[in-house]
Amino acid sequence: MDMHRKFALGIDIGASKTSVSIAYTPGVLADRISRRTVNADVDALLKEIEMMFQELERRNDLSRDDCLGIGVAVAAFVRSNDGTVLFSPNITGLNGTNLKAAIEEHFSIPALVHNDANAGALGEFRHGGHVKDDFLYMTISSGIGGGLILDDRIYEGPNHVAGEIGHMIVQEGGRKCGCGRNGCLETLASGIGIARIAAERVEHTETSLKRHDVIDARAIFQEARQGDRLCMEIVTDACHYIGIAIANAVTLLGLNAVVLGGGIAKEGEFLRSMVEEHSLRYLRGGPNENCKFFISRMPDTVVDIGVLELAFSLS
């Protein structure tokens, strides 16, 4: 194998897992390793990433000197112009860290850092195949994030933190969010959010959820598909609040398309149709009532593809 083949390195730091990936060509994932996220501090996380990078080097016969750049995504509020993690409710060990500087110092390779939804939006825009126009990419997983593609590029806003739809207030005086505010979409419709709601209600309701050892989003959607009343109520409520947030974003920005990604997007048409129904309830009769809704064709890898795009942009 060519020991001097140039490659891009991607790092996706999520609430539950961290992935390190490589690509030789934009849009084509060559290899990837995923492990549980180390939520201690940046040094502990970098140590884990270093081990994954070394494994990729060994099994792909890579030389670190041939790395074109590193693209990084974090499930957090990220100031992308300088790569600072402002706040993450789920990866608290990175709060206040200039991750770009830390990664560049550790690896001696140039890096770009964005939040995970921005990276997902970029991956979807360049390689998803659904839309080539302005759109909202919404990731629904442990948390909820949003990335905007406007005028063929990630829209970051003047403060470089635009798109945080998971922290749009959709319920006045609602549940306390990890960001410190009340009523954020993430508290009502994310994987963690609906699991908490289910856990509060399961003991007082006849529900097939009681047969599950772990009550999580996967179990809730599984039982909702089977007609469990409680689970269907929880999923419907979640899609109702997602619909409010999407309708507001689409109306504000005049968007023609929304792409759903993240772990919960694996629910496919079951999720897409409900989100579309609740969103169009608030869009119907307005100028954006023809907005289209899609499920990402690559929900497991779109963020990896996006961070690799960031890395290639550094070459």
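## Where the cut-offs sit

A residue counts as buried under 20% relative accessible area, as exposed over 50%, and as partly exposed in between. Arginine 64, at 22% relative accessibility, is therefore partly exposed. Please keep in mind that this is a predicted model.

Let's start with the interior. In soluble globular proteins, nonpolar side chains tend to be buried together. Here, the largest nonpolar core has 49 residues, and Met138, Leu185, Ile246, Leu260 and Leu271 are those with the most contacts inside it. Helix 7 (residues 229-253) supplies the largest share of this core, 14 residues. Another core lies apart from it, made of 31 residues, including Ile11, Val78, Ala102 and Ala111.

Leaving aside residues up to four places away in sequence, leucine 271 touches Ile140, Phe221, Cys239, Leu260, Ile264, Ala265 and Ile295. One of these neighbours, Leu260, is also among the residues with the most contacts inside the largest core.

Now to the charged side chains. Side chains of opposite charge can pair when their charged atoms come close. Across the whole structure, a search finds 19 salt bridges.

Glutamate 50 and arginine 64 form one of them, at 2.9 Å from N to O. Glutamate 50 sits in helix 1, while arginine 64 belongs to the loop between helix 1 and strand 4, 14 residues apart. Glutamate 50 has a relative accessible area of 14%, so it is buried, whereas arginine 64 is partly exposed. Arginine 35 is partly exposed at 27% relative accessibility, and glutamate 55 is partly exposed at 22%. Both belong to one network of salt bridges with shared partners, which joins Asp31, Arg35, Glu48, Glu55 and Arg59.

## A link from the start of the chain

Lysine 6 pairs with aspartate 66 in a salt bridge whose closest N and O atoms are 3.5 Å apart. The two are 60 residues apart: lysine 6 lies in the segment before strand 1 (7-13), and aspartate 66 in the loop between helix 1 (42-60) and strand 4 (67-74). Lysine 6 has 44% relative accessibility, so it counts as partly exposed. Aspartate 66, with a relative accessible area of 7%, is buried.

Terms used
Residues are numbered from 1 along each chain as its sequence is written. This is a predicted model: local features need pLDDT of at least 70, side-chain atom pairs count only at pLDDT 80 or more; totals for chains, interfaces and linings use all residues. Side-chain values use heavy atoms; hydrogens and water are left out. A nonpolar core is a set of buried Ala, Val, Leu, Ile, Met, Phe, Trp, Tyr and Cys residues joined through side-chain atoms within 4.5 Å. Buried means under 20% relative accessible area, exposed over 50%, partly exposed in between (1.4 Å probe, protein chains only). Helices (H or I, at least four residues) and strands (E, at least two) are DSSP runs, numbered from the N terminus. Contact means heavy atoms within 4.5 Å. A salt bridge is a side-chain nitrogen of Lys or Arg within 4 Å of a carboxyl oxygen of Asp or Glu.
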